[in-house]
Amino acid sequence: MKNNNSCFLVSVLFFALFSITLPACGGGTGNPGSEGLDKTWGIITAEIMPGVEVSDYKNFAAQGRSVDVFQNHDCDGNPESNDPELFTEHPARVNITLTPSNDNIPTAEHIIEGYRIDYTTETPGAPPIQSFTSGSQTIVLKPDTETSFYVVMVDISRKIKLAEDLTYGQYQPQYQYPTYTAIYTFYGKDIHGNSFQTVVQTNFDVGDYDYCSL
Ligand SMILES: [Ca+2]
Ligand SMILES: [Ca+2]
């Protein structure tokens, strides 16, 4: 077992906010030189930190990017005491800032309506993780304001599936603690109905971490 107490910023990516539907611009996509550029309202800056402290997830402050998929059901070794290891979904915190950059377009609140997570791994032989979609979260982004909120990084069903895949031999990763990347795509609309999306990603490790002390 190993315990990684680091909790750190893994990546900061920023993407130009762009319009998916451009009815007045002949189908431009917002690429440099296209007509779509005049439909760009601003820049979204997004950063994501796995396993940070929040009220409902306070014990995850010590877990950082280390995702435990093997629960110890008897931490003290005494079957007469009920002391299972903490085992819930592993969250991440997202900070998003909307910065208006086009004086010709009125600044507007943007509403994040949901997000999707696609998982990749560069560890040879590591089991895949099925994509995750959440459409139940509504987040309001105000211009020039940082908005922080919490998202799932690995839910319980995916943790259990990973444990099964790592236990029964169908997948045999090169490393005991395979590394994954969670690629988040947040999508939504501004208050004028224009669609947008932004992408941010973070790395994490999967294995048998000892969180009995949390
Ligand atoms: Ca464990
Ligand atoms: Ca016990």
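**Close-up views of the predicted model**

**Figure 1. Contacts and elements across the chain.** Of the contacts with a separation of 6 or more in the protein, 74% join residues 24 or more positions apart, a contact being a pair of residues whose C-beta atoms, placed from the backbone, lie within 7 Å. The model is predicted, so that local features need pLDDT of at least 70 and side-chain atom pairs count only at pLDDT 80 or more, whereas totals for chains, interfaces and linings use all residues. Residues are numbered from 1 along each chain as its sequence is written, and chains are lettered from A and ligands numbered from 1 in the order in which they are written. The protein has one helix and ten strands, which are DSSP runs numbered from the N terminus (helices H or I, at least four residues; strands E, at least two).

**Figure 2. The largest nonpolar core.** This core holds 28 residues, and I48 and Y184 have the most contacts inside it; such a core is a set of buried Ala, Val, Leu, Ile, Met, Phe, Trp, Tyr and Cys residues joined through C-beta atoms within 7 Å. Among the elements that each supply at least two of its residues are β2 (42-50), α1 (156-167) and β9 (179-190). Beyond four places in sequence, Y184 touches I48, Y115, I117, V151, V199, V200 and Q201.

**Figure 3. I183 in strand β9.** I183, a residue of strand β9, is partly exposed because 16 other C-beta atoms lie within 10 Å (buried means 20 or more, exposed 12 or fewer, and partly exposed in between, with C-beta atoms placed from the backbone). I183 and V199 are 16 residues apart in sequence, with their C-alpha atoms 7.0 Å apart.

Conventions. Two residues are in contact if their C-beta atoms, placed from the backbone, lie within 7 Å.
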